[in-house]
Amino acid sequence: MAELTAASRTSPVAHLEDRMRAATVTGARAVTLTEWPFIAMVNVRVDPTSEAADRIGKALGAPLPPQCGHTSTSGPHTVLWLGPDEWLVLSQADATAVTAELKEALGADPGSVVDVSANRTTLELSGPAARHVLEKGCPLDLHPRALGPGQAMSTTVGPVAVLLWQVDDTPTYRLLPRSSFADYLARWLIDAMSEYHGPVIP
């Protein structure tokens with residue numbers, strides 16, 4: 001029954017897959033938009049100075065990031081800083097297993113570990129023009145001097161609140177909107193990409 005349920009899941013933007021593929025731009029101003037559906041996401045709240053935080057870091061194989069913008073990665077896990085005592089664990093591992101392991105690490109100490117995988121999806125925008133696409137509607141300074149690989153920030157793209165994580169210096173960005181806003185954001189990005197199909201205007 002569990003396998004059937006997993007196989008029958010539909011991502012919030014699955015119906016836009018063909019449109020995202022058609023929006024792909026090649027050449028010097030290349031940019032692509034894809035979805036990474038069903039990534040395990042676990043919200044962690046804990047005192048960063050506590051022994052529980054240390055145990056959780058050891059369970060993940062990497063310490064909880066200490067400040068805004070920081071991330072840490074080990075194996076299938078990446079941890080994004082959300083606040084002074086809050087983090088989002090992204091994982092390629094099974095969400096139930098990750099949640100159980102982190103709950104065990106937290107133990108009876110104050111804090112919480114909650115599987116929030118259904119709350120968000122992940123859109124990936126990549127290519128030489130990716131930063132320029134985002135700059136049409138993101139208030140963050142996305143220049144490499146201000147944001148680089150391995151950094152993640154809470155922001156907005158258009159009217160949609162997202163977690164924005166720069167993965168590499170291609171640049172590749174992963175945007176994590178709430179599932180209910182994913183359709184709007186994907187359509188906004190497709191529209192913002194459209195001008196890069198045309199020639200550069202001097």
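Predicted model: local features only at pLDDT ≥ 70, side-chain atom pairs only at ≥ 80, totals over all residues.
Visitor: What makes the largest space a pocket, and how much space lies in it?

Guide: A pocket is an open set of grid points, whereas from a cavity a 1.4 Å probe cannot get out. About 370 Å³ of space lies in the largest pocket. Of its 23 lining residues, Arg9, Phe38, Ile39, Ser117 and Ala118 are the closest to the centre.

Visitor: What makes a residue of that lining nonpolar, polar or charged, and how many are there of each?

Guide: Asp, Glu, Lys and Arg count as charged, so Arg9 falls in that class. At least two lining residues come from each of β1 (32-36), β2 (40-45) and α4 (95-106).

Visitor: Why is β2 described as largely enclosed?

Guide: Buried means under 20% relative accessible area. In β2, 5 of the 6 residues are buried, so the strand is largely enclosed by the rest of the structure.

Visitor: How do you know that β2 pairs with β5 and with β6?

Guide: Pairing requires at least two bridges between two strands. β2 and β5 are joined by 6 bridges and run antiparallel; Arg45 stands opposite Glu86 in β5. β2 and β6 (residues 112-115) are joined by 4 bridges, also antiparallel, and Val42 has Asp115 as its bridge partner.

Visitor: Which residues lie closest to the centre of the second largest pocket?

Guide: About 210 Å³ of space lies in the second largest pocket. Its 13 lining residues include Leu82, Glu86, Arg120, Leu163 and Arg178, the closest to its centre. β9 gives the most to this lining, with 3 residues.

Key: Residues numbered from 1 in each chain as written. Heavy atoms only, no water. 1 Å grid on protein atoms, 1.4 Å probe; cavity = no way out; pocket = protein on both sides within 12 Å on 5 of 7 lines; lining within 4 Å. Points joined across faces, edges and corners; volume = space filled by probe spheres on them. Buried < 20%, exposed > 50% of the residue type's maximum accessible area, 1.4 Å probe, protein only.
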